[in-house]
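Please read the following briefing alongside the sequence and the coordinates.

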Amino acid sequence: MSRVRVLVGTRKGAFVLTADAKREQWDVTGPHFGGWEIYHLKGSPADPNRLYASQSSGWFGQVIQRSSDGGRTWETVGNKFSYDGATGTHQWYDGTPHPWEFARVWHLEPSATDPDTVYAGVEDAALFRTTDGGQSWYELPGLRTHRSAPSWQPGAGGMCLHTIILDPSHPGRIFVAISAAGAFRTDDAGKTWQPINRGLRSEGIPDPYAQVGHCVHRIAMHRSRPGVLFMQKHWDVMRSDDAGESWREVSGDLPSDFGFPIDVHAHEPDTVYVVPIKSDSEHYPPDGRLRVYRSRTGGNEWEALTHGLPQRHCYVNVLRDAMAVDSLDPCGVYVGTTGGQVYASADAGDRWAPIVRDLPAVVSVEVQTLP
Amino acid sequence: MIRIVLPAHLRTLARVDGEVKVAVAEPVTLRAALDALEAAYPMLRGTIRDQVTQQRRAFLRFFACELDLSHESPDAALPEAVATGAEPLLVIGAMAGG
């Protein structure tokens, strides 16, 4: 019988939640790396027992952990993230030039085919790769040295590269997103990059339609249709049907189009999930009601999913990496909150139940569907 | 052998209890002590000194013999009592935040 393994990163450690395909009875282990911030952990599609975790601390910096047994035991691997060549400058919050400084790894994206190859999105924004299981990391400097990079500015959470999507149909094509520079695509495995922000409109920058400078919060893709991308921008939910060449807004009838995560149903490429948040200065759900919204039409028409989610006095947030879907049938959907709850739906979002209620603030949620 | 006392999170990371003892060749400096520590416990690389700049992390301090050595040159000799193992070198995490 199939199983699922949910990998949860929190402000004070990592947790591993496992269940069979019914997704009703859960086994919880953790905290792993107690007391450390775990921005992200993710398993290799090529070897599901191979996991990688980004462990960091304001005191002790960045550590990368690797597991070869599905998260039961861990070993430290390489943590040297050295920018390639001259670091140059980006804009600081006050608009002055500021040198690139490595702070932490926000996102780890293992290769679909090689468990030893992993991409890392870091703050200050850059893309790194390992091909030896994390022992050594090398920057793909073409992104950080893009001609627009001196104009990039950090978002409130830092200038982070937080989204990495490896296109399954074009081996050299990678999509990334940076707060607050925008979305970028390479078609040559990271040598050269182009901004893919045409159609985005952001009120908070001098030119609302600028080529770069948009605060993209998350991008999602369905593997069967890699030319179609969905984006949760700071404000606005967007869709591209041409691999990011152009975007159109699909916020439609959402109660708020501000939010962080976005994801796509495992078997229905036009079924999309978001979690509306009231505003950028009030990081909690509208009306104190936690509602996941689902569109079955690829955007514009959205339905509130509320069954089992708190519908009064709820003021948590769901961060950009804290939503995931499994590939069982029916598709499971998972969200983690800054209040420490991880909610699961085993029926594509119709009904929800908490797996755990009292973890530290959840930063990331990933799911593995295991045979 | 010199004795080094690590903060709790680094003891966990290094999978050690209590003090760590490492052999350091003369002259016994802070740099030599940390180099020896990281050679014996590679998982500590980057956690006390930045991996690239080798600068002390901002929220850590080095104490010994009731002295704050954090701002001394890393190539200055550590106190004789540390070099002989009579006193430990303390790596201290700032008591700040959560």
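In what order do the four strands of the open antiparallel sheet of chain A stand? The order is S22-S23-S24-S25, in a sheet that is open and antiparallel in its pairing. The model is a predicted one, in which local features need pLDDT of at least 70 and side-chain atom pairs count only at pLDDT 80 or more, whereas totals for chains, interfaces and linings use all residues. Residues are numbered from 1 along each chain as its sequence is written, while chains are lettered from A and ligands numbered from 1 in the order in which they are written.

- Strands, like helices, are DSSP runs numbered from the N terminus (E, at least two residues, for strands; H or I, at least four residues, for helices), and two strands pair if DSSP finds at least two bridges between them.
- Strand S23 (residues 272-274) and strand S24 (residues 292-295) of chain A run antiparallel and are joined by three bridges, and Val274(A) has Tyr293(A) in S24(A) as its bridge partner.

**Strand S1 of chain A and its partners**

- Strand S1 (residues 3-10) of chain A is largely enclosed by the rest of the structure, because seven of its eight residues are buried; a residue is buried if 20 or more other C-beta atoms, placed from the backbone, lie within 10 Å of its own, exposed if 12 or fewer do, and partly exposed in between.
- S1(A) pairs with strand S30 (residues 362-370) of chain A in the antiparallel sense over eight bridges, and Leu7(A) stands opposite Glu366(A) in S30(A).
- S1(A) also pairs with strand S2 (residues 13-20) of chain A, again antiparallel and over eight bridges; a hairpin of two residues joins S1(A) to S2(A), and Val8(A) has Phe15(A) as its bridge partner in S2(A).

**Phe184 of chain A**

- Phe184(A) lies in strand S16 (residues 182-186) of chain A and counts as buried, because it has 25 C-beta neighbours inside 10 Å.
- Beyond its neighbours within four places in sequence, Phe184(A) is in contact with Leu143(A), Val176(A), Trp193(A), Gln194(A), Pro195(A) and Ile196(A), contact being defined as C-beta atoms, placed from the backbone, within 7 Å.

- Strand S3 (residues 60-64) and strand S5 (residues 89-93) of chain B pair in the antiparallel sense over four bridges, with Phe63(B) opposite Leu90(B) in S5(B).
- The buried residues of H2(B) are Leu30(B), Ala32(B), Ala33(B), Leu34(B) and Leu37(B).

**The interface between the chains**

- In chain A, 13 residues are in contact with 16 residues of chain B, and strand S6 (residues 61-67) of chain A gives the most to the chain A side, with three residues.

Key:
Two residues are in contact if their C-beta atoms, placed from the backbone, lie within 7 Å.
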